[in-house]
Amino acid sequence: MPRILVVDDDPLICTAISTWLEAQRFDVVTADGGATGLRALEISTFDLMIVDIFMPEMNGFESIRVFHQRAPLVPLITISGYVFAEHHSPAPDFLRMALELGATRCLRKPFTPRTLLDVIDACLLESASRRKSASGHP
């Protein structure tokens, strides 16, 4: 049963994601912010992480960078619902920037349970494939 760490400061998002994933037989640990998520990483191992980009404890992309540094082989899906209120100039592409900092995939909130599960399945398959290649097994 794959273990997934979900880090988001919004308790409704954490509850929704953990409910969806537990119904699909994933073992889910939730954290309400970057510091709590990092403590969870220190005491346990995970097969995948889902991390919100913008949380109060860590500025912008600090969480993505730090989580990827602490567990570089664990696929990391970033999620964000942030949009600019003013549309006078092009908004920065936060999700693309997250990929450059080590995220495996990005999802813009709101997303459907099916979309989330598809992305998780793809990340876990890629991770298993990389581990198999690294160990020399076909």
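Helix 1 and helix 5 are roughly perpendicular to each other (a class that covers angles of 65 to 115 degrees). In this predicted model, local features need pLDDT of at least 70 and side-chain atom pairs count only at pLDDT 80 or more, whereas totals for chains, interfaces and linings use all residues. Residues are numbered from 1 along each chain as its sequence is written, and side-chain values use heavy atoms, without hydrogens and water.

The axes of helix 1 (residues 11-23) and helix 5 (residues 113-135) come within 11 Å and cross at roughly 65°. Axes are lines fitted to C-alpha atoms over the stretch in contact, with angles from 0 to 180 degrees between N-to-C directions; helices (H or I, at least four residues) and strands (E, at least two) are DSSP runs, numbered from the N terminus. The crossing of helix 1 and helix 5 is right-handed, the near helix being turned clockwise from the far one by less than a right angle. Ile17, Trp20 and Leu21 of helix 1 meet Pro113, Leu116, Leu117 and Ile120 of helix 5, contact meaning heavy atoms within 4.5 Å.

Aspartate 8 is placed in the loop between strand 1 (3-7) and helix 1. Aspartate 8 counts as buried because its relative accessibility is 1%, the cut-off being under 20% relative accessible area with a 1.4 Å probe and protein chains only. A polar atom of the aspartate 8 side chain lies 2.8 Å from the backbone nitrogen of aspartate 10. Beyond neighbours within four places in sequence, the residues in contact with aspartate 8 include Asp32, Asp52 and Lys109.

Methods: Parallel < 35°, antiparallel > 145°, perpendicular 65-115°, else oblique. Buried < 20%, exposed > 50% of the residue type's maximum accessible area, 1.4 Å probe, protein only. Polar contact = N/O pair within 3.5 Å; in protein donor to acceptor, adjacent residues only side chain to side chain.
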